[in-house]
Amino acid sequence: MNTLGKLFLKGLVVVIPVSLTVAIMWWLAREAEQILGGLLSRFLPDGWYVPGMGMISAIAITILVGLLTHVILFQKLFAFGDAIFHRLPLVKTIYSALKDFIAYLSPDSQIGLSKVVLVKIPGQEFEQLGFVTREDFSRLPMQLTVEEPIAVYLPMSYQIGGYTLFLPRSCLTPLDMSFEEGMKLVITGTIISRDKTTKVLQTDDKED
(Lines give C-alpha, C1' and ligand atoms only; values in the text may rest on other atoms or scores of the structure.)
Protein backbone atom coordinates (compact mmCIF):
# COMPACT_ATOMS: atom_id res chain seq x y z
CA MET A 1 0.00 0.00 0.00
CA ASN A 2 2.89 2.35 0.75
CA THR A 3 4.35 1.69 -2.71
CA LEU A 4 0.97 2.20 -4.36
CA GLY A 5 0.54 5.46 -2.47
CA LYS A 6 3.90 6.77 -3.69
CA LEU A 7 3.11 5.76 -7.27
CA PHE A 8 -0.27 7.49 -6.98
CA LEU A 9 1.35 10.73 -5.79
CA LYS A 10 3.92 10.57 -8.60
CA GLY A 11 1.06 10.09 -11.03
CA LEU A 12 -0.69 13.16 -9.65
CA VAL A 13 2.44 15.23 -10.22
CA VAL A 14 2.20 14.39 -13.92
CA VAL A 15 -1.58 14.33 -14.34
CA ILE A 16 -2.63 17.47 -12.44
CA PRO A 17 -0.54 20.10 -14.34
CA VAL A 18 -1.46 18.57 -17.71
CA SER A 19 -5.13 18.23 -16.78
CA LEU A 20 -5.41 21.78 -15.44
CA THR A 21 -3.64 23.23 -18.49
CA VAL A 22 -5.89 21.33 -20.91
CA ALA A 23 -9.00 22.20 -18.85
CA ILE A 24 -8.18 25.93 -18.81
CA MET A 25 -7.42 26.04 -22.54
CA TRP A 26 -10.59 24.06 -23.29
CA TRP A 27 -12.67 26.38 -21.10
CA LEU A 28 -11.29 29.48 -22.82
CA ALA A 29 -11.93 28.01 -26.27
CA ARG A 30 -15.44 26.89 -25.32
CA GLU A 31 -16.41 30.24 -23.82
CA ALA A 32 -15.05 32.11 -26.83
CA GLU A 33 -16.96 29.80 -29.16
CA GLN A 34 -20.20 30.14 -27.20
CA ILE A 35 -20.09 33.94 -26.89
CA LEU A 36 -18.59 35.03 -30.20
CA GLY A 37 -19.90 32.04 -32.08
CA GLY A 38 -23.42 32.84 -30.91
CA LEU A 39 -23.08 36.43 -32.09
CA LEU A 40 -21.70 35.37 -35.46
CA SER A 41 -24.46 32.84 -36.03
CA ARG A 42 -27.05 35.59 -35.47
CA PHE A 43 -25.55 38.16 -37.81
CA LEU A 44 -24.16 35.95 -40.55
CA PRO A 45 -26.45 34.61 -43.27
CA ASP A 46 -27.78 31.07 -42.87
CA GLY A 47 -25.18 28.46 -43.66
CA TRP A 48 -22.22 30.80 -43.35
CA TYR A 49 -21.37 30.01 -39.74
CA VAL A 50 -18.90 27.16 -39.23
CA PRO A 51 -18.08 25.74 -35.77
CA GLY A 52 -14.76 27.15 -34.64
CA MET A 53 -15.27 30.62 -36.05
CA GLY A 54 -15.96 31.96 -32.56
CA MET A 55 -12.57 30.80 -31.25
CA ILE A 56 -10.81 32.13 -34.36
CA SER A 57 -12.59 35.45 -33.90
CA ALA A 58 -11.42 35.62 -30.27
CA ILE A 59 -7.82 35.10 -31.37
CA ALA A 60 -8.20 37.74 -34.09
CA ILE A 61 -9.71 40.25 -31.64
CA THR A 62 -6.89 39.64 -29.16
CA ILE A 63 -4.30 40.26 -31.89
CA LEU A 64 -6.17 43.41 -32.91
CA VAL A 65 -6.12 44.71 -29.32
CA GLY A 66 -2.37 44.06 -29.21
CA LEU A 67 -2.00 46.03 -32.43
CA LEU A 68 -4.06 48.91 -31.06
CA THR A 69 -1.77 49.22 -28.04
CA HIS A 70 0.72 50.88 -30.41
CA VAL A 71 -1.77 53.62 -31.35
CA ILE A 72 -1.57 56.70 -29.11
CA LEU A 73 -5.33 57.27 -29.09
CA PHE A 74 -6.08 53.74 -27.92
CA GLN A 75 -3.22 53.89 -25.43
CA LYS A 76 -5.04 56.77 -23.72
CA LEU A 77 -8.33 54.85 -23.80
CA PHE A 78 -6.69 51.77 -22.29
CA ALA A 79 -5.03 53.94 -19.63
CA PHE A 80 -8.42 55.50 -18.80
CA GLY A 81 -10.03 52.08 -18.39
CA ASP A 82 -7.06 50.89 -16.35
CA ALA A 83 -7.45 53.86 -14.00
CA ILE A 84 -11.14 53.05 -13.50
CA PHE A 85 -10.40 49.44 -12.54
CA HIS A 86 -7.74 50.60 -10.08
CA ARG A 87 -10.29 52.79 -8.27
CA LEU A 88 -12.93 50.13 -7.68
CA PRO A 89 -12.77 48.40 -4.29
CA LEU A 90 -12.02 44.65 -4.43
CA VAL A 91 -11.96 44.82 -8.24
CA LYS A 92 -8.63 46.66 -8.17
CA THR A 93 -7.06 43.90 -6.04
CA ILE A 94 -8.08 41.12 -8.43
CA TYR A 95 -7.34 43.20 -11.52
CA SER A 96 -3.89 44.28 -10.32
CA ALA A 97 -2.86 40.73 -9.38
CA LEU A 98 -3.99 39.30 -12.72
CA LYS A 99 -2.42 42.14 -14.68
CA ASP A 100 0.94 41.80 -12.94
CA PHE A 101 0.96 38.04 -13.47
CA ILE A 102 0.02 38.23 -17.17
CA ALA A 103 2.56 41.04 -17.67
CA TYR A 104 5.33 38.46 -17.26
CA LEU A 105 4.21 36.90 -20.56
CA SER A 106 4.46 40.17 -22.47
CA PRO A 107 7.32 40.40 -24.99
CA ASP A 108 7.91 43.97 -23.78
CA SER A 109 8.27 42.93 -20.16
CA GLN A 110 11.55 44.15 -18.72
CA ILE A 111 11.19 41.73 -15.81
CA GLY A 112 11.17 38.79 -18.19
CA LEU A 113 14.57 39.92 -19.52
CA SER A 114 16.06 40.64 -16.12
CA LYS A 115 18.89 38.89 -14.35
CA VAL A 116 18.24 36.53 -11.46
CA VAL A 117 20.19 37.45 -8.34
CA LEU A 118 20.50 36.39 -4.73
CA VAL A 119 19.85 39.40 -2.50
CA LYS A 120 21.60 39.88 0.82
CA ILE A 121 20.16 42.88 2.64
CA PRO A 122 22.71 44.59 4.94
CA GLY A 123 22.12 43.79 8.59
CA GLN A 124 19.87 40.80 7.83
CA GLU A 125 20.72 37.12 8.20
CA PHE A 126 18.50 35.88 5.37
CA GLU A 127 18.85 35.95 1.59
CA GLN A 128 16.13 36.33 -1.04
CA LEU A 129 15.74 35.62 -4.73
CA GLY A 130 15.22 38.73 -6.85
CA PHE A 131 15.25 40.05 -10.42
CA VAL A 132 17.29 43.02 -11.64
CA THR A 133 14.97 45.43 -13.45
CA ARG A 134 17.19 48.50 -13.92
CA GLU A 135 20.83 49.47 -13.60
CA ASP A 136 20.85 52.91 -15.24
CA PHE A 137 18.98 55.73 -13.47
CA SER A 138 20.35 58.66 -15.45
CA ARG A 139 17.03 59.25 -17.24
CA LEU A 140 14.86 59.04 -14.15
CA PRO A 141 13.83 62.17 -12.17
CA MET A 142 15.22 60.79 -8.93
CA GLN A 143 18.45 60.80 -6.97
CA LEU A 144 19.54 57.75 -5.02
CA THR A 145 22.01 57.89 -2.16
CA VAL A 146 22.93 54.22 -2.55
CA GLU A 147 26.38 53.60 -4.01
CA GLU A 148 26.14 51.86 -7.40
CA PRO A 149 22.36 51.39 -7.10
CA ILE A 150 20.52 48.59 -8.84
CA ALA A 151 16.73 48.15 -8.89
CA VAL A 152 15.74 44.67 -7.81
CA TYR A 153 12.20 43.32 -7.90
CA LEU A 154 11.38 40.87 -5.10
CA PRO A 155 8.18 38.93 -5.85
CA MET A 156 6.28 37.11 -3.12
CA SER A 157 5.37 33.44 -3.20
CA TYR A 158 2.28 32.44 -5.19
CA GLN A 159 2.34 35.89 -6.86
CA ILE A 160 0.39 37.69 -4.16
CA GLY A 161 2.51 40.79 -4.58
CA GLY A 162 6.04 42.10 -4.58
CA TYR A 163 8.18 45.17 -4.05
CA THR A 164 11.21 46.91 -5.54
CA LEU A 165 14.39 47.75 -3.65
CA PHE A 166 17.28 49.98 -4.70
CA LEU A 167 20.35 48.15 -3.46
CA PRO A 168 24.11 48.53 -3.90
CA ARG A 169 25.75 46.10 -6.29
CA SER A 170 27.69 44.52 -3.42
CA CYS A 171 24.43 43.11 -1.99
CA LEU A 172 23.70 41.08 -5.11
CA THR A 173 25.08 37.74 -6.23
CA PRO A 174 24.20 36.86 -9.88
CA LEU A 175 22.88 33.34 -10.41
CA ASP A 176 23.24 31.07 -13.43
CA MET A 177 19.46 30.73 -13.71
CA SER A 178 16.87 31.79 -16.26
CA PHE A 179 14.00 34.11 -15.40
CA GLU A 180 11.49 31.27 -15.82
CA GLU A 181 13.39 29.04 -13.40
CA GLY A 182 13.68 31.84 -10.87
CA MET A 183 9.97 32.66 -11.06
CA LYS A 184 9.03 29.01 -10.60
CA LEU A 185 11.12 28.85 -7.45
CA VAL A 186 9.66 32.05 -6.03
CA ILE A 187 6.01 31.50 -6.96
CA THR A 188 5.95 27.93 -5.63
CA GLY A 189 7.91 28.76 -2.49
CA THR A 190 10.88 26.67 -3.78
CA ILE A 191 8.72 23.55 -3.73
CA ILE A 192 9.95 22.48 -7.17
CA SER A 193 13.36 20.92 -7.62
CA ARG A 194 16.00 21.69 -10.22
CA ASP A 195 17.87 18.96 -12.07
CA LYS A 196 21.22 20.69 -12.10
CA THR A 197 22.86 22.64 -9.31
CA THR A 198 22.65 26.40 -9.66
CA LYS A 199 26.02 27.99 -10.25
CA VAL A 200 26.65 31.10 -8.25
CA LEU A 201 28.68 33.65 -10.19
CA GLN A 202 31.05 35.77 -8.17
CA THR A 203 30.58 39.55 -8.33
CA ASP A 204 33.33 41.85 -9.50
CA ASP A 205 33.98 43.00 -5.93
CA LYS A 206 34.51 39.41 -4.73
CA GLU A 207 36.84 38.66 -7.65
CA ASP A 208 38.93 41.64 -6.71
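Residues are numbered from 1 along each chain as its sequence is written. Since the model is predicted, local features need pLDDT of at least 70 and side-chain atom pairs count only at pLDDT 80 or more, while totals for chains, interfaces and linings use all residues, and side-chain values use heavy atoms, with hydrogens and water left out.

## Overall architecture

The secondary structure of the protein comes to 6 helices and 5 strands, these being DSSP runs numbered from the N terminus (H or I over at least four residues for helices, E over at least two for strands). Read from the N terminus, the elements follow the order α-α-α-α-β-β-β-β-β-α-α. Of the 208 residues in the protein, 21% are buried, with buried meaning under 20% relative accessible area, exposed over 50%, and partly exposed in between (1.4 Å probe, protein chains only). Among contacts with a separation of 6 or more, 39% are accounted for by residues 24 or more positions apart, a contact being heavy atoms within 4.5 Å.

## Strand pairing

| Strands | Bridges | Facing residues |
|---|---|---|
| β1 and β5 | 3 bridges | Val117 and Pro174 |
| β1 and β2 | 6 bridges | Val119 and Gln128 |
| β2 and β3 | 3 bridges | Val132 and Val152 |
| β3 and β4 | 7 bridges | Ile150 and Leu167 |

Strand β1 covers residues 115–120, and its residue Val119, which has Gln128 as its bridge partner in β2, also stands opposite Leu172 in β5. The hairpin of β1 and β2 has 6 residues between the strands, and in this hairpin Gly123 takes a positive phi near 85°.

In a regular strand the side chains alternate between the two faces of the sheet. In β3, Pro149, Ala151, Tyr153 and Pro155 point one way, whereas Ile150, Val152 and Leu154 point the other way, and all are buried. Because 7 of the 7 residues of β3 are buried, this strand is largely enclosed by the rest of the structure.

## Helix packing

Two packed helices are described by the angle between their axes and the distance between the axes. The axes of helix α1 (residues 2–43) and helix α2 (residues 53–68) come within 7 Å and cross at roughly 100°. The two helices α1 and α2 are therefore roughly perpendicular to each other, in a scheme where angles under 35 degrees count as roughly parallel, over 145 as roughly antiparallel, 65 to 115 as roughly perpendicular and the rest as oblique. On the α1 side the contact is made by Ala29, Ala32, Glu33, Leu36, Gly37 and Leu40, and on the α2 side by Met53, Gly54, Met55, Ser57, Ala58 and Ile61. By class, this contact of α1 with α2 has 8 nonpolar, 3 polar and 1 charged residues, where Ala, Val, Leu, Ile, Met, Phe, Trp, Tyr, Cys and Pro count as nonpolar, Asp, Glu, Lys and Arg as charged, and the others, Gly among them, as polar.

## Salt bridges and a loop residue

The count comes to 2 salt bridges, each defined as a side-chain nitrogen of Lys or Arg within 4 Å of a carboxyl oxygen of Asp or Glu. In one of them the side chains of Arg30 and Glu31 meet at 4.0 Å, N to O; Arg30 is partly exposed at 38% relative accessibility, and Glu31 is partly exposed at 25%.

The side chains of Glu148 and Arg169 also meet in a salt bridge, at 3.7 Å, N to O. Glu148 lies in the loop between β2 (127–134) and β3 (149–155) and Arg169 in the loop between β4 (162–168) and β5 (172–174), so the pair ties together parts that are 21 residues apart in sequence. Glu148 is partly exposed, with a relative accessible area of 44%, and Arg169 is partly exposed at 33%.

Leu90, although not a glycine, has a positive phi of about 70°. This residue, Leu90, lies in the loop between α3 (72–85) and α4 (91–103) and is exposed, with a relative accessible area of 62%.

Definitions and conventions: Axes fitted to C-alpha atoms, helices over the stretch in contact; angles between N-to-C directions. Pairing = 2+ DSSP bridges.
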